[in-house]
Amino acid sequence: MTISSLTVQAGNGKNGTPDRVADFTLRMGDVISIVGPTGSGKTTLINDIELFANRNTPSGRRVLINGELPPEELTNDPSKNPVALITQHTNFLSDLGVCRFLTMHARIRQPGSTQKVIDATLDFANQLTGEPIEPGVGMTELSGGQTRALLIADAVVIGNSPIILLDEIENAGIHRTRALELLRHYEKIFIFVTHDPRIALLSDYRVVMKNGAMQELITTHDEEVRVATEISKLDDIILHFRRLIRNGERLTEHMIAERLTALGYSA
């Protein structure tokens with residue numbers, strides 16, 4: 001089945017609070033962020049999307065594919081499910097090596113081009129994490145950031161899932177700006193649950209959650225994109241000093257002042 005759009009129709013939040021956003025539709029290539037404080041209903045919304053809710057979840061929402069209720073095969077057959085959910089929980093049942101893990105998945109999803117897609121997946125993943133992933137390493141030996149980067153790359157390149165849900169990837173040391181740059185090369189629907197202003201402002205839209213309900217749908221405007229650029233500069237400073245600390249460097253006030261000056265800020 002070719003997927004061209006995903007629609008979320010309103011339901012309710014906690015205590016029956018109605019969604020103020022009647023519905024929203026995403027098309028292939030769109031990037032949207034779900035934002036709001038802890039406990040505001042962000043995870044419930046992405047669970048509704050993953051489950052293709054049909055007024056049968058606590059929120060009472062409905063999810064449509066191409067403007068219609070999805071066929072049963074999408075919900076009953078895991079091999080045909082178009083949704084990939086990358087969560088904060090990355091526990092594995094067996095200690096497969098990275099290469100073995102990717103090979104098994106590639107043989108199922110893209111037979112005939114195994115090595116090519118494995119190489120592309122590793123290249124993608126290593127652009128997202130500061131710690132290179134070695135093919136021979138066991139999956140359970142990877143750090144949280146490496147694991148999340150590999151699963152994102154696997155879902156995009158090997159799984160080729162048209163709808164990707166990403167839950168708070170900023171908590172795993174992922175290079176957020178690079179992730180968005182890479183993801184936009186793929187014609188898919190990307191839905192981020194995030195507290196990160198950089199991800200939110202570089203998305204096409206953002207849904208604001210409060211008290212379990214969808215409060216507002218905001219389209220990112222040009223000024224916010226410019227704000228995101230400035231935030232990225234500041235965030236890159238933090239990432240730079242994080243790397244120095246990890247490498248055992250000693251920091252000084254002069255180093256911070258020098259970095260700020262280089263970016264055009266007064267220290």
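Which helix gives the most to the positive patch? That is helix 8, with three residues. The structure is a predicted model, so local features need pLDDT of at least 70 and side-chain atom pairs count only at pLDDT 80 or more, while totals for chains, interfaces and linings use all residues. Residues are numbered from 1 along each chain as its sequence is written, and side-chain values use heavy atoms, with hydrogens and water left out.

Arg246 belongs to helix 8 and is exposed, at 60% relative accessible area (exposed is over 50%, buried under 20%, partly exposed in between, with a 1.4 Å probe and protein chains only). Helices are DSSP runs of H or I with at least four residues, and strands are E runs of at least two, numbered from the N terminus.

Helix 6 (residues 176–183) is largely enclosed by the rest of the structure, because six of its eight residues are buried. These are Arg176, Thr177, Ala179, Leu180, Leu182 and Leu183. Their cover includes strand 3, helix 4, helix 5, strand 7, helix 7 and helix 8.

Val98, in helix 3, is buried too, at 0% relative accessibility. Between Val98 and Asp123, the C-alpha to C-alpha distance is 13 Å, with 25 residues separating them in sequence.

Notes. Contact = heavy atoms within 4.5 Å.
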